[in-house]
Amino acid sequence: MSLIAILDIAHPDLALTPTIRDCPDTSIEVVSHSTTDPETGLFFFLVEGADESFEDVLDRDHTVTDWMLVDDLGSTAVYRLEHADGTELISPMATELGGLLLRAESSDRGWTVRLHLPDREALAALCEQCEESDITFDLHRMFRRDEWTDGVAPEVTDEQRTALVNAYEEGYFEEPRETSLEDLADVLDISPTAVGGRIRRGTGKLVETTLLEE
């Protein structure tokens, strides 16, 4: 039976780690299914909450050799990046083990990823490979794929789940609201923009996976 594993990974040479470090209020998410041709070395990322310094930071990021702004949607943007030689990537490791990267979103130190893996042995092998490469590997949760038989599991990230739960508990969804994004930002120790982005993306994902028909 296959597994879904949610974990944090960190390493100075992981893709975009310098940018994540220097832009803590910016959310970066891998655009799923955009790397079906790995030989191109091109990857797409959804970026939210970036300011005018973001592209300067990209220019200094040693894991990036080239980048292009594909689409500017105002609060969000899509970038196409080419990684430098020596950049650490988790997706090829998972692929070699018969796994699949379902989701990857920037976290405080690196990336929070959701992986589909064949079994516990594959997860253990991935952990070992990460240790050999000095990649920090922190497993949050894992569950069996057959637990999805009654529906589709909402793919909210840990950060989105934390923001949504805190917003609910503090009365953000009440009418009138009993708290603000600024108050939630103090609780979560992130910026109001980041809180709003996590609540918006998490809510959108919950609607997509629980309310929409096929």
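Is aspartate 189 buried or exposed? Aspartate 189 is exposed, at a relative accessible area of 69%, where buried means under 20% relative accessible area, exposed over 50% and partly exposed in between (1.4 Å probe, protein chains only). The structure is a predicted model, in which local features need pLDDT of at least 70, side-chain atom pairs count only at pLDDT 80 or more, and totals for chains, interfaces and linings use all residues. Residues are numbered from 1 along each chain as its sequence is written, and side-chain values use heavy atoms, with hydrogens and water left out.

The mean pLDDT of the protein (the predictor's confidence in each residue, from 0 to 100) is 86, and 87% of the residues reach 70 or more. Seven helices and eight strands make up the secondary structure; helices (H or I, at least four residues) and strands (E, at least two) are DSSP runs, numbered from the N terminus. Confidence is highest in helix H2 (residues 54–60), at a mean of 96, and lowest in helix H7 (residues 192–210), at 85. Over residues 147–153 pLDDT stays under 50, and for these residues the model has seven contacts beyond four places in sequence, a contact being heavy atoms within 4.5 Å.

Of the 214 residues in the protein, 44% are buried. The accessible surface comes to about 11,800 Å², and 49% of it belongs to carbon and sulfur atoms; accessible areas come from the Shrake-Rupley method with a 1.4 Å probe, and for residues only the protein chains shown count as cover. Among contacts with a separation of 6 or more, 64% are between residues 24 or more positions apart.

In soluble globular proteins, nonpolar side chains tend to be buried together. A nonpolar core is taken as a set of buried Ala, Val, Leu, Ile, Met, Phe, Trp, Tyr and Cys residues joined through side-chain atoms within 4.5 Å. The largest such core has 32 residues, and Leu7, Ile9, Leu16, Ile28, Trp111, Val113 and Leu126 have the most contacts inside it. Two or more residues of this core come from each of strand E1 (3–10), strand E3 (42–48), H2, strand E5 (76–83), helix H3 (90–96), strand E7 (111–117) and H4. A second, separate core of 10 residues includes Ala163, Tyr172, Ala194 and Ile199. Beyond its neighbours within four places in sequence, isoleucine 9 is in contact with Leu14, Ile90, Gly110, Trp111, Val113, Ile135 and Thr136.

Aspartate 138 lies in strand E8 and is partly exposed, at 33% relative accessibility. The C-alpha atoms of aspartate 138 and leucine 7 are separated by 5.4 Å, although the two residues are 131 residues apart along the chain. Not counting residues up to four places away in sequence, aspartate 138 touches Ile6, Leu7, Asp8 and Arg109. With the side chain of arginine 109, the side chain of aspartate 138 makes a polar contact (3.0 Å). A polar contact is a pair of N or O atoms within 3.5 Å; within protein, one must be able to donate a hydrogen and the other to accept it, and residues adjacent in sequence count only if both atoms are side-chain atoms.

Side chains of opposite charge can pair when their charged atoms come close. Eight salt bridges are counted, each defined by a side-chain nitrogen of Lys or Arg within 4 Å of a carboxyl oxygen of Asp or Glu. Glutamate 48 and arginine 201 meet in one of these (2.4 Å, N to O); glutamate 48 lies in strand E3 and arginine 201 in helix H7, so the pair ties together parts that are 153 residues apart in sequence. Arginine 201 also forms a salt bridge with glutamate 105, with the closest N and O atoms 2.8 Å apart. Glutamate 105 belongs to strand E6 (residues 100–106), and this pair therefore ties together parts that are 96 residues apart in sequence. Glutamate 48 and arginine 201 are buried, and glutamate 105 is buried too. Glu48, Glu105, Arg200 and Arg201 are linked in a network of salt bridges. A further salt bridge joins aspartate 158 and arginine 141, at 2.7 Å between the closest N and O atoms. Aspartate 158 lies in helix H5 and arginine 141 in strand E8, 17 residues apart in sequence. Aspartate 158 is buried, at 14% relative accessibility, whereas arginine 141 is partly exposed, at 29%.

Some backbone features lie in loops. Glutamate 175 and proline 176 are joined by a cis peptide bond, with omega about 0°, and proline 176 is found in the loop between helix H5 (158–169) and helix H6 (181–188). Aspartate 134, although not a glycine, has a positive phi of about 60°. Aspartate 134 lies in the loop between helix H4 (120–132) and strand E8 (136–144) and is exposed, at 61% relative accessibility. Aspartate 189 has a positive phi of about 60° and is placed in the loop between H6 and H7.
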